[in-house]
Amino acid sequence: MGSRRKKITTEALRAMKAAEQKITALTAYDHLFATLLDESGIDLILVGDSVATVVQGEDTTVPVTLDQMIYHAGLVSRAVKRAFVVGDMPFLTYRVSTEEALHNAGRLMQDARVEAVKIEGGQPVLDSVRRLTDAGIPVMGHLGLTPQSIHNFGTYKVRGESESEAEQIVEDARCLEQAGAFAVVLEKIPSDVAETVTKAVSIPTVGIGAGSGCDGQILVSYDMLGLFTRFRPRFVRRYAELAEQIRTAVQGYCSDVREGDFPNADESY
Ligand code: KIV
């Protein structure tokens, strides 16, 4: 248990890849969830822009703002003692110019106390990745299905199935490493492409729907806990059915109140 409590850093994540020790990662958006994940021994917590879909009820991740991300990331950072905390940079906050990217990433670091930021994309974001890492901001890349580009893709289908798209993903991963990224998320790409990327770079790859050949795995916590059930991608394994348990618990409470069973004498003063 001793070594399991040691603070996770970018260096520790790199060492885990070198030692072929799998990296575990989940998303969190608030203090309570972050505490539970951290106490359970997760290595990396992403304050994902998936907050838009699973918490805010949006259809895509596009509408979430930097201020909202800073709010959620701040709640998470305050809770976490061991895991490495990464904050997602929302749509357009790193694409307009490298200076704007630096300013916005700086806000996530200073106002929300995240330890790194995540940026989606390959070639078009390399200058920003360089600018941020030069300024001391660790950057996690994100390739494959990049949800902020959903209106460009038009569909959530698997990326990198064609030879040219697969080659582009491998090349983008190499470029992200050269630009200074400390890790890269690979989302919804074929397992063999993810394995090729994982062998091609010395930084850790963290897969979601990218097979078992990645250096680590990430899932949206609300998906794997069975809390968010509006749709269920094939890559999600559910470790609990909390939505069902919550409904059952609330129905029990309603019926106890309606029948006068709650509160009883022990629960009253
Ligand atoms: O926002 C998010 O939750 C993510 C993960 C799916 C990697 O980017």
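## Lysine 118 and the ligand

Let's start with lysine 118: an N or O atom in its side chain sits 2.9 Å from an oxygen atom of the ligand. That is a polar contact, meaning a pair of N or O atoms within 3.5 Å. The protein covers 95% of the 260 Å² of accessible area that the ligand has on its own, with areas taken from the Shrake-Rupley method and a 1.4 Å probe. Keep in mind that this is a predicted model, where local features need pLDDT of at least 70, side-chain atom pairs count only at pLDDT 80 or more, and totals for chains, interfaces and linings use all residues. Residues are numbered from 1 along each chain as its sequence is written, and side-chain values use heavy atoms, with hydrogens and water left out.

Two other side chains join in. Serine 50 has a polar side-chain atom 2.5 Å from a ligand oxygen, and for aspartate 49 an N or O atom of the side chain is 3.0 Å from an oxygen atom of the ligand.

## Who else is around

## An aromatic pair

The structure holds five aromatic pairs, counted when ring centres of Phe, Tyr or Trp (its six-membered ring) lie within 6.5 Å. In one, tyrosine 29 and tyrosine 222 have ring centres 5.5 Å apart and planes at 70 degrees, so the pair is edge-to-face (planes over 60 degrees apart). This pair links distant parts of the chain, 193 residues apart: tyrosine 29 is in the loop between β1 and α2, and tyrosine 222 in helix α10. Helices (H or I, at least four residues) and strands (E, at least two) are DSSP runs, numbered from the N terminus.

Most residues other than glycine have a negative phi, and most peptide bonds are trans. Glutamate 20 has a positive phi, near 55 degrees, and lies in the loop between α1 and β1. A cis peptide bond, with omega about 0 degrees, joins phenylalanine 262 and proline 263.

Note on methods: A polar contact is a pair of N or O atoms within 3.5 Å; within protein, one must be able to donate a hydrogen and the other to accept it, and residues adjacent in sequence count only if both atoms are side-chain atoms. Rings of Phe, Tyr and Trp (its six-membered ring) pair if their centres lie within 6.5 Å; planes under 30 degrees apart count as stacked, over 60 as edge-to-face and the rest as tilted.
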